[in-house]
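Here is a briefing on a single structure. Start with the view below, then read on by topic.

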Amino acid sequence: MPQLILLNKPYGVICQFSDHPTHPTLKSCVPLPGVYPAGRLDTDSEGLLLLTGDGTLQHRIADPRWKLPKTYWVQVEGEPKEEQLEKLRQGVDLGDFITQPAQVRRIETPELWPRNPPVRFRKTVPDCWLEIIISEGKNRQVRRMTAKAGLPTLRLVRVAIGPWRLDGLQPGEMRQLEVSLQDLPRSGAAGRKPGARASDRSQSPAAKGGKGPTFRFARNRKD
């Protein structure tokens, strides 16, 4: 079966194996030849990155038609109001596109590794953590979403993609799994039954403004 690598990408590492003039690359974390990222993660973001040497598996994970949910823990500047959270849930007009409905909830400060360099805070401005689950993955999408809602992102950590989670991996650590394509989640446009409407997703509890479902893929740890 194809091999899948789960990597906790550190802050500041660029998602490429070729040398970069100012940033460390994936070569500093993954000493394996012939593997490539299935998707990307911004240089200033941390957390789960999937890699594989199997082209079919890579395409299956990265293809936006399958819309694997991506779970982020996001430290934002400010004290969120309910209307700001609702704006994120309903979809945000970013100018070049409107985001799809997201699942958003406030969480307690999670137990995470210290970031290097540390996050710069303003003593006079509060901050908090949100859990945001999206099915898209466009360039800097979560950061742009929170900024548009008036909640600038201070730190962003991806903790899950579909059924795969960090589960204790420290920055720079990786775990290898064997994956069967038949066992991958069948969700999104490519997995919808004929006749299903794309608009049906807007009927989720989060999109309606009610309480979202139990978050299956990420666990929140309290201090």
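## Glu-131 and the overall picture

The side chain of Glu-131 makes a polar contact with the side chain of Trp-73, at 2.9 Å. A polar contact is a pair of N or O atoms within 3.5 Å; within protein, one must be able to donate a hydrogen and the other to accept it, and residues adjacent in sequence count only if both atoms are side-chain atoms. This is a predicted model: local features need pLDDT of at least 70, side-chain atom pairs count only at pLDDT 80 or more, and totals for chains, interfaces and linings use all residues. Residues are numbered from 1 along each chain as its sequence is written, and side-chain values use heavy atoms, with hydrogens and water left out.

**Fold**

- The protein chain has 4 helices and 9 strands. Helices (H or I, at least four residues) and strands (E, at least two) are DSSP runs, numbered from the N terminus.
- From the N terminus on, the order is β-β-β-α-β-α-β-β-α-β-β-β-α.
- Of the 223 residues of the protein chain, 44% count as buried. Buried means under 20% relative accessible area, exposed over 50%, and partly exposed in between (1.4 Å probe, protein chains only).
- Contact means heavy atoms within 4.5 Å. Take the contacts in the protein chain between residues at least 6 apart in sequence: 75% of them join residues at least 24 apart.

- Glu-131 belongs to strand E6, residues 127–134. Its relative accessible area is 0%, so Glu-131 is buried.
- A nonpolar core is a set of buried Ala, Val, Leu, Ile, Met, Phe, Trp, Tyr and Cys residues joined through side-chain atoms within 4.5 Å.
- The largest such core has 31 residues, and Leu-130 and Ile-132 have the most contacts inside it.
- Elements giving two or more residues to this core are strand E1 (3–9), strand E3 (46–52), strand E4 (70–77), helix H2 (82–90), E6 and helix H3 (141–148). E6 gives the most, with 4 residues.
- A second, separate core has 20 residues, including Ala-38, Trp-113, Ile-161 and Leu-184.
- Leaving aside residues up to four places away in sequence, Leu-130 touches a list of residues that includes Tyr-72, Trp-73, Val-74, Val-76, Leu-85, Leu-88 and Ile-107. Arg-105 and Arg-106 are also among them.

**Helix H2**

- Within H2, Gln-84, Leu-85, Glu-86, Leu-88 and Arg-89 are buried.
- An α-helix has 3.6 residues a turn, so residues three or four places apart point the same way.

**Pro-37**

- Pro-37 lies in strand E2, residues 36–37. Its relative accessibility is 17%, so Pro-37 counts as buried.
- Pro-37 and Gln-58 are 21 residues apart in sequence, yet 7.5 Å apart in space, C-alpha to C-alpha.
- Not counting residues up to four places away in sequence, Pro-37 touches Phe-17, Leu-26, Leu-49, Leu-50, Leu-51 and Gln-58.

**Cysteines**

- A search of the whole structure finds 0 disulfides. A disulfide is a pair of cysteine sulfur atoms within 2.5 Å.
- Cys-29 is in no disulfide; its nearest cysteine sulfur, that of Cys-15, is 9.4 Å away.
- Cys-29 is buried at 11% relative accessible area. Cys-128 is buried too, at 5%.

**Charges over rings**

- Arg-115 lies over the face of Tyr-11, 4.0 Å from the ring centre. A charge sits over a ring if NZ of Lys or CZ of Arg is within 6 Å of the ring centre and within 35 degrees of the ring normal.
- The charged end of Lys-138 sits over the ring of Phe-97, at 4.2 Å from its centre.

**Backbone geometry**

- Most residues other than glycine have a negative phi, and most peptide bonds are trans.
- A cis peptide bond joins Asn-116 and Pro-117, with omega about 5 degrees. Pro-117 is in the loop between strand E5 (103–107) and E6.
- Arg-140 has a positive phi, near 55 degrees. Arg-140 is in the loop between E6 and H3, and is partly exposed at 33% relative accessibility.
- Asp-167 has a positive phi, near 45 degrees. Asp-167 is in the loop between strand E8 (164–165) and strand E9 (174–178), and is partly exposed at 38%.
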